Amino acid sequence: MGDIEAIFHQVRVSPQHRDALRFLWRDGNLSLQSETYRMAVHLFGGVWNPCWASFALKRTAEDHKDDFDPQAIQTVMENFYADDCLKSVASEEQAKKLVREL
């Protein structure tokens, strides 16, 4: 089992899509005018997260398939749900190698 740490802040939102992730900020002072900000990375807890996390991981694996062991690429393509990995291998040495590659 594995989990990608802070995946939500590792995948950037392209500038043309940031308007969909706008929010108002007033710094706790109701007398101040609120400011509008746009998220540059994905939010934790968004309902779309499993979809884009799977896409980002699979795209990264595909883009770098010549740089890594085929088992690592296959693991990314078949054994992740969002940022969670569940994979079984035959030996501790294989597990260590796979963890290094991932």
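A polar contact is a pair of N or O atoms within 3.5 Å, where within protein one atom must be able to donate a hydrogen and the other to accept it, and where residues adjacent in sequence count only if both atoms are side-chain atoms. Asp69 caps the N-terminal end of helix 2 in this way, with a side-chain oxygen 2.8 Å from the backbone nitrogen of Gln71; helices (H or I, at least four residues) and strands (E, at least two) are DSSP runs, numbered from the N terminus. The model is predicted, so that local features need pLDDT of at least 70 and side-chain atom pairs count only at pLDDT 80 or more, while totals for chains, interfaces and linings use all residues. Residues are numbered from 1 along each chain as its sequence is written, and side-chain values use heavy atoms, with hydrogens and water left out.

Helix 2 covers residues 70-78, and Ala72, Ile73, Thr75 and Val76 are buried there (under 20% relative accessible area, with exposed meaning over 50% and partly exposed in between, for a 1.4 Å probe and protein chains only). Seen down the helix axis, these buried residues fall within an arc of 160 degrees, so they line one face of helix 2; the arc is that of the directions from the helix axis to the C-beta atoms. The face turned away from the buried side carries the exposed residues Pro70 and Glu78.

The buried residues of helix 2 pack against helix 1 (49-63), strand 4, strand 5 and helix 3 (92-101), where contact means heavy atoms within 4.5 Å. Ile73, at 16% relative accessibility, touches Ala61, His64, Lys65 and Phe68, not counting residues up to four places away in sequence.
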